[in-house]
Amino acid sequence: MIAEQPNLLKLLADSRFAEGLSNSHLQSLCRAARHIRVPSETKLFQEGSFEDEVFIVCSGHVRLSMNVPGQDDVTFLTAGPGDLVGWSGLISDGRMTATATTVEETVLIGISGRRVQQLCEIEPELGYVLMRRVAQILSRRLLATRLQLLDLFHQNTGAAQ
Amino acid sequence: MTVAVDPHNPWLARTVRIRRIVQELPGVATYDLCFDDAEIARNYSFRPGQFNMLYLPGLGETAISISGHPRRVGVIPHTIREAGSVTTGLAGLPENSCIGLRGPFGSAWPVEQCAGRDVVLVAGGIGLAPLRPAIYELLSQRDRYGKLILLIGAREPSAMLYPAEYNEWRDAGMQVEVTVDRALDGWNSHVGVVTALLDRVPLENPSGTLLMTCGPEVMMWYTIQGAISRGIPADSIYVSLERNMNCAIGLCGHCQLGHEFICRDGPVFRYDRVASILKVDNL
């Protein structure tokens, strides 16, 4: 991974994750963040490992997979620009529930979960806004998972079919 | 535009011959139909999104969207999944067999309204078939439109419909993104529901963007909610609905949905016209 700091604030402000966050909140977040450019097929984290860093995808794509005995790694989601990956580091003990691998060269913002939690203790308003945003993202992820489970395209029909 | 339905007798089925059968997926094939009567063939035309009633003697009729190029004269493709007695009977017919056809019927995708605007098409599963004529029509006059984005969702890589055409559409100026619910080894594109692709696609002018969607109703519902949350107005969103269409001219009532008849007023509806009845249980 190559850590860079080219206008981190702008990169964060332009991400879908940060939509609606105030400038002061963005500046606070930047104190815990770094800009990373990652080559294709790089593992960001491994299922079961403990990690501190949460990633916002700025460009490129990240494959999320789980190991299933007999099937190796099964990809269940491709995260793209604006998506959050590795959120366990932000809201739980940091044990990763999936393996994340870049599909192509990917630009990310890495944010230390521990430092964000400290920031949230100091700035409860930031904590509220940030956790609300994370909850919205997880809610969308849950809905998407439900739609996958419904297996909508199995024997589906389109119009007048 | 000439309409092939005899205005005095919409019940009259014309004879068409199955010129070619292309097996698209297990249980799904495209049937290229041609009129035996050369004059009828010359005069037949349809608009993207319309459907025909296909008739198999002894089995009955079924409504099938036209999946071919509206500007291609002489051949009328229909992509059909084996689902009921008529479509299963059709699947047993060889090339050169004759069947009956009434149509075209119903409303069309609003291609004319797309001029100068960005357009997003969201297709799920076999729902790509009714959208394909709109894709052809948009690409046949590519310069008239802004960005053209096609988002395709399928169950798995082997269930993608018309995959050989995606690169042709890309080359013609359309952004095509595909996603599958279940990936296998070697799949390098997106995994996840098609609504997630819509969340990510960059929209420069959402209020001026027009969206068309076709697929399972649950998928269309969440596509619409995603589109509205991205700023696409409800009156710029179009859906293609399916119900039990029998007469195709709004008389029998089998396909009635609230105050609308899908065969006559649809199958393509502007979302704000059907929003209040889309999520009514058992309607």
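1. Two strands count as paired if DSSP finds at least two bridges between them. Strands (E, at least two residues) and helices (H or I, at least four) are DSSP runs, numbered from the N terminus. With that in hand, take strand E5 (residues 62–68) and strand E6 (residues 72–79) of chain A: they run antiparallel and share seven bridges.

2. A word on the model and its numbering. This is a predicted model, in which local features need pLDDT of at least 70 and side-chain atom pairs count only at pLDDT 80 or more, while totals for chains, interfaces and linings use all residues. Residues are numbered from 1 along each chain as its sequence is written, and chains are lettered from A and ligands numbered from 1 in the order in which they are written.

3. E5(A) and E6(A) form a hairpin with three residues between the strands. There, A:Gly70 has a positive phi near 90 degrees.

4. E5(A) also pairs with strand E8 (residues 99–102) of chain A, antiparallel, through four bridges. A:Arg63 has A:Thr101 as its bridge partner in E8(A). A:Thr101 in E8(A) also stands opposite A:Lys43. E3(A) and E8(A) are antiparallel too, with two bridges.

5. Put together, the strands of chain A make an open sheet of four, in the order E3-E8-E5-E6, with antiparallel pairing. Strand E3 (43–45) and E6 of chain A are at the edges with a single partner strand each, so one side of each has no neighbour in the sheet. From one strand to the next, the twist averages 35 degrees. Axes here are lines fitted to C-alpha atoms, for helices over the stretch in contact, and angles run from 0 to 180 degrees between N-to-C directions.

6. Now the helices. Helix H4 (residues 113–122) and helix H5 (residues 124–150) of chain A pack at about 125 degrees, their axes 5 Å apart. H4(A) and H5(A) are therefore oblique; angles under 35 degrees count as roughly parallel, over 145 as roughly antiparallel, 65 to 115 as roughly perpendicular and the rest as oblique.

7. Which residues of H4(A) meet H5(A)? They are A:Val116, A:Leu119 and A:Cys120, facing A:Pro124, A:Leu126, A:Gly127 and A:Leu130 in H5(A). Contact means C-beta atoms, placed from the backbone, within 7 Å. The contact of H4(A) with H5(A) has six nonpolar residues, one polar and no charged. Nonpolar covers Ala, Val, Leu, Ile, Met, Phe, Trp, Tyr, Cys and Pro; charged covers Asp, Glu, Lys and Arg; the others, Gly among them, are polar.

Terms used:
Contact = placed C-beta atoms within 7 Å.
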